[in-house]
Amino acid sequence: MAQAKLSLSGALSGVVVLYSGGIGSWAAAKRLAAQGEVLTLLFTDTMTEDEDTYRFLRESAANVGAELIEIADGRNIWEVFRDERFLGNTRADPCSRVLKRGVARKWISEHCSPSAVVALGIDWTEIHRVERARKAWAPLEVVAPLCDPPYLSKANLIEWSNREGLATQRLYRMGMSHANCGGGCAKAGHGHSARLLAQFPERFGEWERKEEELRGQLGDVAILRDRTGAPPTLCPFTSFGGGSKPGKKWTCSRSGAAPAWLEPVAPRACRAFGGAG
Ligand code: SF4
């Protein structure tokens, strides 16, 4: 395993990959390792992750051949929403700000030299996020190897990991757009939440309960919006799951053949909730 270099002050130099357990940060690390970079893989645990994401995290780090550092604030996303008195949503993500970026920044400032480089798993389809990240991490240099050619899709990355002998994270196989926070996400939309309900009804129930607890503390807040009318209204998970709005209907459509790594999803994943379906 290639070890990160220590400077005279004892601080780490080289590249710190913000390693999430997702396919992007693995592929970014692989590209950097192939270029001979000395890597440290830094995982910031939200304490909300799926069991299989931890499996991929550790197996994939061994595949990269770099040291994996696992750190955590200790709280989960719901505890952060409670403490910040703010429920995350598509526009604001205190969960990620505190549990991911904040924890990583503190660790890097305490352990790395100013010449350390921060590497992200952002790919070319989200290149606009790189500039934002550069401003946020300044004065450290930020790189995003998946924004460089050859441009690979998520399916390409997953096939690549399979060729390396890595089993795909089950959240991807279930059709989730990312493999973090156990298949839920404060920034996710209805489709992602529908899959959470279909694949992990108990976990969805926990999201319902946690959101209701926060609604009791913070007032009328919700992660999801119902955009079927104008203006959009809040759509608490209890409504989304059919609890308080019988007849509410939401459907999603997916056309074309599913990629090979995507497991067929039970029909109710894409059918109405609380309605006849
Ligand atoms: S995956 Fe979603 S819920 Fe989890 S920390 Fe990131 S933004 Fe927050």
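Is Trp107 buried, partly exposed or exposed? Some notes on that and the rest of the fold follow.

1. Ground rules. This is a predicted model, where local features need pLDDT of at least 70 and side-chain atom pairs count only at pLDDT 80 or more, while totals for chains, interfaces and linings use all residues. Residue numbers run from 1 along each chain as its sequence is written.

2. Trp107. It counts as partly exposed, because 17 other C-beta atoms lie within 10 Å. The scale: buried takes 20 or more other C-beta atoms within 10 Å of a residue's own, exposed takes 12 or fewer, partly exposed is in between, and C-beta atoms are placed from the backbone. Trp107 sits in helix H4; helices (H or I, at least four residues) and strands (E, at least two) are DSSP runs, numbered from the N terminus. Leaving aside neighbours within four places in sequence, Trp107 is in contact with Leu42 and Ile71, contact being C-beta atoms, placed from the backbone, within 7 Å. Thr44 is 63 residues away from Trp107 in sequence, with 9.7 Å between their C-alpha atoms.

3. The rest of H4. Its 18 residues should span 26 Å at 1.5 Å a residue, and the end C-alpha atoms are 24 Å apart, which agrees; the expected span is 1.5 Å times one less than the number of residues. H4 does bend, by about 30° at Gly102 (the angle between axes fitted to the seven residues ending there and the seven starting there). Cys95, Ser96, Val98, Leu99, Ala104 and Ile108 are buried in H4, and the buried residues of this helix pack against strand S1 (15–18), strand S2 (39–45) and helix H3 (77–84).

4. The ligand shell. H4 (residues 94–111) matters here too: 4 residues of the shell come from this helix, the largest share. There are 13 residues around the ligand, and Cys95, Ser96, Asn180, Cys181 and Cys185 come nearest; a residue is near if its C-beta atom, placed from the backbone, lies within 6 Å. The shell splits into 6 nonpolar, 4 polar and 3 charged, with Ala, Val, Leu, Ile, Met, Phe, Trp, Tyr, Cys and Pro as nonpolar, Asp, Glu, Lys and Arg as charged, and the others, Gly among them, as polar.

5. Cores. The largest nonpolar core has 38 residues, and Val16, Val17, Ala28, Ala29, Leu41 and Ala119 have the most contacts inside it. A core here is a set of buried Ala, Val, Leu, Ile, Met, Phe, Trp, Tyr and Cys residues joined through C-beta atoms within 7 Å. Helix H1 gives the most to this core, 6 residues. A second, separate core of 25 residues includes Phe81, Val98, Cys181 and Phe240.

6. Most residues other than glycine have a negative phi, and most peptide bonds are trans. Cys181 has a positive phi of about 50°, in the loop between H7 and helix H8 (190–199), and counts as buried because it has 25 C-beta neighbours inside 10 Å. Arg85, with phi near 55°, is instead exposed, as 11 other C-beta atoms lie within 10 Å. Two cis peptide bonds are worth a look: Ala138 to Pro139, omega about 10°, and Ala230 to Pro231, omega near -5°.

7. Overall. The chain has 10 helices and 7 strands, and 38% of its 277 residues count as buried.

Technical notes. Two residues are in contact if their C-beta atoms, placed from the backbone, lie within 7 Å.
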